[in-house]
Every structure is written in C-alpha cells, then in structure tokens.
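Try each one yourself before reading the solution.

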Amino acid sequence: MSDDVLTAEEIDALLSGLRSGNIALQAPAAFSGTVEELDLTAGDPIVRSDMPSLGHIDQLFARYLQKDLRELLNEGVTAEPAEAGTQKFREYAASLPVPTSMNLVFVEDDGASMMIVLSQELIASFVDFYFGGSARGLEADPKEEFSPTELGIVTRLLHLAFDNLGRAWAGVMPLRLRLSRQENHPQFCSFFSDTEPVHISRTDIELSEDLVVQIATVLPVSMLEPLREALESSARGSQEDQREAWRAAFRQSMGDAGIDLNVDIAGTRLPLAALMRLQPGDVMPVEMFEQVTLCAGGVPLLQGQFGIKNGRNAIQIRGRADA
C-alpha cells in the first residue's frame, strides 16, 4: 500500500477530531497586511546624514575647486555641494545623456576605483570660457563624441578634480588618483556591475547667473564601508575643527567691528541763571582738560592726555580707566 494512503486508525482519528471540533473546517483568514518589496542585492544606502564627514568632504572639495576654477578662468565662479544620494549603478548610468564624460579613476592607496562624471554642458561651457567667450546662450550640440579640444578640457578638469579630491579627503585617507579608463556612452559603461550600489556626490558650478553646470563623484558603497570608522572619526574631528574655525572667525569679526569713542576735552561751570541768559554770539570761556577719559557708550575705557601731534588734535593713551 502506498505511504500516501491513510490507515483505518488515522481515518478514525480524523473523523473523531472533526466531530469534537478539535479540527477546524474553515480556512485560515487571508493575510490583510501590505507586502513590501525587498531587494536582497541592494546594500544599505549611505547618505550624508549617515556619515556627516561625507558632507564635510563635499564642502571642502567645492571650496578648493572654486578657488582653482577662479584662477583658471579669471571669473567669479561659485562651486557648492548639491544633491547627494545612493542608487544602483545601472540606474544612475541610464539617467545620463549621450555624450557624458565618464572617467574611471584608480585609487592607488586603497586599490579601489571611483568615477568622475563631467556633463557635456560643463565641458562645452569651459571650452567657451577658456577661449574668451561668456558661454551665455550656449546650447549643447547633439553629437556622439567629444572633439579633441573638448577632450583637452576634460583632461584639465580631471587634473583639478584629482588635486582637490586629494586635499578634501586628506583628513580621512591619502587619495592619490590615476585615470584608468574613459567612456562617453553611458549605455556602454561597465565600470561597475549593474546592481552595484554607488554613492553620488554632485557639485554645482555657477559660471554666471543663468548658467549652472555640474560635476559628480561616484563612489562604490563597497569602497565606503571599510572607511566608515575613519569617516565617523573624521567627522568628529572636523566638527571640532569647524568649532575652532568658528571661534577664530568670531574673534576676527569682533576685532574688525567698529566702535565709537567719545572724550570730553574741555568744560566749564556756570550758574544756572547765567546759562539761561546765553544767546547766539555770546562767548563762554572754557578750560581744556589735561587728563581725559575715552568712553564707549558712556562706559570709561582708557585714560589719556590731550595734545597736538603733526598739527592735529590727538590723545596720548596713559592707561586703562579706573573701574
């Protein structure tokens, strides 16, 4: 007899359970909750709020880049950190137009790789600026490849990016970068696997009031994870550095603040009746004070002696005013 067939004893037990109510006849209630899609291939997103030092690094990079671009173009260029986020590399690459300068960069000290992305608008604008134009009303021409002149600008911009990324990351790790590969067609870019989560840090570069272009730094999350402790440590250090920088800036601002000083250099004493009789044109004798007090807002600060120096009224400071 097959093992799938119930025995007489099992049938009797089943019928007995049904009669006694120990075995329910109704099916269990259907699940009423919501179903949430879970992607097991996606890593935990890393954003600036998770690692505050990433935001600090972006700010440093923008500050250093702004200084170098102003020297390069002799223009009032402004660079500021823009939106940052994490997504799969395939999704990010699909969002880029053709052509886009995608540059795979090898990190020599870490053995990892990252990517620097330059848009066609950025490259075209810098070509125009570099050769004396204003880039106003400039529209990107539809094309598949960059010209030799534009590739030369790409090389120049990459050198600036390498230098300033190294300076921005110095508090976390040495970052010596070397160009590995380039691709202008995002759909053909295979620098990372399609499902690799990457962190994208964007920097807005304002060349004029109506012209803002962008450079992006793409870091694999797998590169950032081993650096989490160093990044968090750097964040604590950078916060203290920011506080000290704030203190120094506050001291400097306070030192540059203007303050009005008042001093009484002469006086006299008159009866009230004589004061009431004074008319325009009357001459009133006064006595010059030898020792004077300099006050700010009515508060005595310094003691000095009134005199003449180089033909001008002057006060020689003798010391602090008595409390």
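**Exercise 1.** In the open sheet of four strands, what is the strand order, and is the pairing parallel or antiparallel?

*Solution.* Keep in mind that this is a predicted model. Start with the order: walking across the sheet, you meet E7, E10, E11 and E12, and the pairing is antiparallel. Next, look for strands that pair on one side only: those are E7 (262–263) and E12 (312–320), the edge strands. Now zoom in on E11 (residues 299–309), which is joined to E12 by eight bridges in the antiparallel sense.

**Exercise 2.** Check whether the length of helix H5 fits its residue count.

*Solution.* First, the count: H5 covers residues 148–168, so it has 21 residues. Second, the expected span takes one less than that number of residues, times 1.5 Å. For H5 this gives 30 Å. Third, compare with the model: the end C-alpha atoms are 30 Å apart, which agrees.

**Exercise 3.** Which residues of H5 are buried?

*Solution.* The list then runs Glu-150, Ile-153, Val-154, Leu-157, Leu-158, Leu-160, Ala-161, Phe-162, Asn-164, Leu-165, Gly-166 and Ala-168.

**Exercise 4.** Now zoom out and sketch the whole protein in numbers.

*Solution.* Begin with the parts: eight helices and twelve strands. Then the burial: 33% of the 323 residues count as buried.

Note on methods. Residues are numbered from 1 along each chain as its sequence is written. This is a predicted model: local features need pLDDT of at least 70, side-chain atom pairs count only at pLDDT 80 or more; totals for chains, interfaces and linings use all residues. Side-chain values use heavy atoms; hydrogens and water are left out. Helices (H or I, at least four residues) and strands (E, at least two) are DSSP runs, numbered from the N terminus. Buried means under 20% relative accessible area, exposed over 50%, partly exposed in between (1.4 Å probe, protein chains only). Two strands pair if DSSP finds at least two bridges between them.
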